[in-house]
Amino acid sequence: QLQLVQSGGGFVQPGGSLSLSCVASGRTLEYHTIGWFRQAPGKEREGISCISSSGGGHNYADSVEGRFTIDRDNRKNTAYLHMKDLKPEDTGVYYCAGVESDNAFHTGCYNSDRYYYWGQGAQVTVSS
């Protein structure tokens, strides 16, 4: 079983930056597609970014393209989401998720049903 433990998040003013980490244990993260999702208050969970198992492929939702960067270090069993130019509409609980395959990356990585493993979530609040 893969366990994902998140850290990071917090409170930031509009235009600020935050980074989230997602550390894997129990198994190597190396063969897993990693996705980042978020859930704003009163809204459904949405996929915002994903990265292939090697780190060579990245996808971003239009809402975060150019502002967020997804990354991973398989030697450290860790995935990251670096966020800049944050906006109030970025507020929500952010989740990392993993699935041991690159099929999800290539055929629909924003579908939460594709992922088996989930982090516990991290609150990000953007407000002045």
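Tutor: Start with a definition: a salt bridge is a side-chain nitrogen of Lys or Arg within 4 Å of a carboxyl oxygen of Asp or Glu. This is a predicted model, where local features need pLDDT of at least 70, side-chain atom pairs count only at pLDDT 80 or more, and totals for chains, interfaces and linings use all residues. Residues are numbered from 1 along each chain as its sequence is written, and side-chain values use heavy atoms, with hydrogens and water left out.

Student: What makes Arg38 and Asp90 a salt bridge?

Tutor: Their closest N and O atoms are 2.8 Å apart. The cut-off is 4 Å, so the pair qualifies. Arg38 lies in strand 4 and Asp90 in the loop between strand 8 (78–83) and strand 9, so the pair ties together parts that are 52 residues apart in sequence. Strands are DSSP runs of E, at least two residues, numbered from the N terminus. Salt bridges that share partners join Arg38, Glu46, Arg67 and Asp90 into one network.

Student: Why is Arg38 called buried?

Tutor: Its relative accessibility is 5%. Buried means under 20% relative accessible area, exposed over 50%, partly exposed in between (1.4 Å probe, protein chains only). So Arg38 counts as buried.

Student: Why is Glu46 called partly exposed?

Tutor: Glu46 has 32% relative accessibility, so it falls in the middle class. Glu46 also forms a salt bridge with Arg38, with the closest N and O atoms 2.8 Å apart.

Student: And why does Arg67 count as buried?

Tutor: Arg67 has 8% relative accessibility, so it is under the limit for buried.

Notes
Helix = DSSP H or I, 4+ residues; strand = E, 2+ residues; numbered from the N terminus.
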